[in-house]
Amino acid sequence: MSKFQTDLIDEAGQGGGGSSETGYAAKHTPSPASEAPLNTDKLDEVRKLFTAHLENKGLRKTGERYAILEEIYARSGHFDVDELYAGMKERGLQVSRATVYNTLDLLVEQGLVSKHQFGRNLAQYEKSYGYRQHDHVICTECHKVVEFCDPRIHGIQTMVGDLLNFHILHHSLNLYGICGDCRAQAAARNSHA
């Protein structure tokens, strides 16, 4: 691992034992291993915020909506609607696909979940409340998503906001390329040709 990679991991707060699904080494690999330890204090805060949002919009506070919220906050990394729906079905939770879509829209609107389009038609989501701003590198071959955090980006954001007289609320930075695994596979294919 290069010093640059180590610095990115340390800045993201993932140095020293972060899970393989978080920090610099994060990748979109749907599986039961995508489960994260559930932070019950954070989940309680998120539930309260979601409840207030539902009440403000005059919407019902259903068990299905809260089950979806909990399922999302029990995950690590990125997921799509089908992965979320399948994960809930595997756990024996009864929820319709329409409820999953509608609840995700409410959670994105509230800022509790972030929605990304990583160059494919398939939207990816991730929990966002109380998590540090981070950016993404996306492989255009296998669609692996790697998260990274670099404080210099925040400095650039602040400088641009000051120069252009903007109060910057957030940013999104996605870098696209071909990951090392895909480059190695291509090299192996080319050497056999």
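Okay, let's start with leucine 164, which is exposed, with a relative accessible area of 56%. Before I go on, keep in mind that what you're looking at is a predicted model.

So where does leucine 164 sit? Leucine 164 is part of helix α6, which covers residues 151-164.

Now step along to asparagine 165. You'll find asparagine 165 in the loop between α6 and β5, the strand at 174-177. Asparagine 165 isn't a glycine, and yet its phi is positive, about 60°. Buried or exposed, then, for asparagine 165? Exposed, because its relative accessible area is 71%, and the cut-off for exposed is over 50%.

There's another positive phi to show you, at histidine 143. Again we have a residue other than glycine, here with phi near 70°. Histidine 143 lies in the loop that runs between β3 (135-139) and β4 (145-148).

Last stop, a pair of helices. To describe two packed helices, you give the angle between their axes and the distance between the axes. Here, helix α3 (residues 63-73) packs with helix α5 (residues 97-110) at an angle of about 70°, and the axes are 10 Å apart. Angles from 65 to 115 degrees count as roughly perpendicular, so that's what we call α3 and α5. Their crossing is right-handed.

Terms used
Residues are numbered from 1 along each chain as its sequence is written. This is a predicted model: local features need pLDDT of at least 70, side-chain atom pairs count only at pLDDT 80 or more; totals for chains, interfaces and linings use all residues. Side-chain values use heavy atoms; hydrogens and water are left out. Helices (H or I, at least four residues) and strands (E, at least two) are DSSP runs, numbered from the N terminus. Buried means under 20% relative accessible area, exposed over 50%, partly exposed in between (1.4 Å probe, protein chains only). Axes are lines fitted to C-alpha atoms, for helices over the stretch in contact, and angles run from 0 to 180 degrees between N-to-C directions. Angles under 35 degrees count as roughly parallel, over 145 as roughly antiparallel, 65 to 115 as roughly perpendicular and the rest as oblique. A crossing is left-handed if the near helix is turned anticlockwise from the far one by less than a right angle, and right-handed if clockwise.
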